[in-house]
Amino acid sequence: MKLNMLYFAWVRERIGHSHEAYETSAVTVADLIAELVARDAGYAAAFADLSVICVAVDQELSDFTAPLADCREVAFFPPMTGG
Amino acid sequence: MSARVQEAAFDFAAEMTAFQSTVTRSGAVVSFTGVVRDDTGNLDHMFIEHYPGMTQAALQKFADQATETFGLEKVLVIHRYGQLQPGEAIMMVATAARHRKDAFAGADYLMDYLKSRAPFWKKELSKGSATWVAAKAQDEAELAAWGLEGTAKES
């Protein structure tokens, strides 16, 4: 499946771009992260500490066990700092 | 219930006048304004990034939740993004309820959700340094204290 990937804040800075189309057969968010980490040092740096990584699947906050079947957009970002 | 995400500054006085003018059955109106703070005296400006596809829906959801939980008559949320100078207003919430305790609690609840669940990220730019503001463990604790939702970090 082809996913629309989005990255925000320091996750975006470490990866080096804010969005990309990404072809994957990853079953869960955790599988997807493992694939990304293996791509290059930027991704590895972004995902070095998963305790400070949040994920939204199709614009809903989710978790690393979430299945990716039928999903179109996955976003990774640090804990939010609104308000 | 109104929720807005915008880059431009807002006019707090005009917003509150408009808000209160449409309230018909509330005896209490509460507002909160978040302002860019310069703790060190060196802050040049703050940059706020957000997730355009998700932000508006998230704010609307929190406004609806606050309305239902505290029986609010009316809620307003405005949150800015982009480049902001020290002293500029980042965001505001306003709540209207029959009695003050629900109006205060509704505003407090909204703020706790906006802090930790609205997709905004703050970066502080000072002379020679740029630092993303880290989320505080206390923010998660305050959100959990409402007892209405688990934590975001479920993994």
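Predicted model: local features only at pLDDT ≥ 70, side-chain atom pairs only at ≥ 80, totals over all residues.
Residues are numbered from 1 along each chain as its sequence is written, chains are lettered from A and ligands numbered from 1 in the order in which they are written, and side-chain values use heavy atoms, with hydrogens and water left out.

**Exercise 1. Work out how many residues of chain B touch chain A, and how much area is buried between them.**

Step 1: Start with contact, which means heavy atoms within 4.5 Å. By that rule, 29 residues of chain B meet 28 residues of chain A.

Step 2: Now take the area. The size of an interface is often given as the accessible area lost when the parts come together. Here that loss (1.4 Å probe, summed over both parts) is about 2,100 Å², with carbon and sulfur atoms giving 56%.

**Exercise 2. Find the salt bridges that cross the interface of chain B and chain A.**

Step 1: Set the rule: a side-chain nitrogen of Lys or Arg within 4 Å of a carboxyl oxygen of Asp or Glu. Over all chains it gives seven salt bridges, and across this interface it gives two.

Step 2: Look at A:Arg12 and B:Glu49, whose side chains meet in a salt bridge at 2.5 Å, N to O. A:Arg12 sits in helix α1 (residues 9-15) of chain A and B:Glu49 in strand β3 of chain B, so this pair joins two chains. Helices (H or I, at least four residues) and strands (E, at least two) are DSSP runs, numbered from the N terminus.

Step 3: Turn to B:Lys123, which forms a salt bridge with A:Glu13; their closest N and O atoms are 2.4 Å apart.

**Exercise 3. Say which elements chain B brings to the side that touches chain A.**

Step 1: List those giving two or more residues: β3 (43-50), α2 (52-70), β6 (89-97), α3 (100-117) and β7 (120-126) of chain B.

Step 2: Pick the top contributor. That's α3(B), with five residues.

Step 3: Sort the residues on this side by type: 16 are nonpolar (Ala, Val, Leu, Ile, Met, Phe, Trp, Tyr, Cys and Pro), eight charged (Asp, Glu, Lys and Arg) and five polar (the others, Gly among them).

**Exercise 4. Trace the open sheet of chain B that contains β1 and describe what packs on it.**

Step 1: Follow the strand order, β1-β4-β6-β2, with mixed pairing; two strands pair if DSSP finds at least two bridges between them. The edges are β1 (2-6) and β2 (28-35), each pairing on one side only.

Step 2: Zoom in on β1(B) and β4 (residues 74-80), which pair in the parallel sense over five bridges. B:Val5 stands opposite B:His79 in β4(B).

Step 3: α1 (residues 12-21) of chain B lies across β1, β2, β4 and β6, running at about 15 degrees to β6(B). α2(B) touches β1 and β4, and its direction makes about 150 degrees with that of β1(B). Axes are lines fitted to C-alpha atoms, for helices over the stretch in contact, and angles run from 0 to 180 degrees between N-to-C directions.

**Exercise 5. Locate B:Lys123 within its own chain.**

Step 1: Find the open sheet β5-β3-β7-β8 of chain B, with antiparallel pairing.

Step 2: Go to β7(B) and β8(B), which four bridges join. B:Lys123 stands opposite B:Trp132 in β8(B).

Notes:
Buried area = accessible area lost by both parts, 1.4 Å probe.
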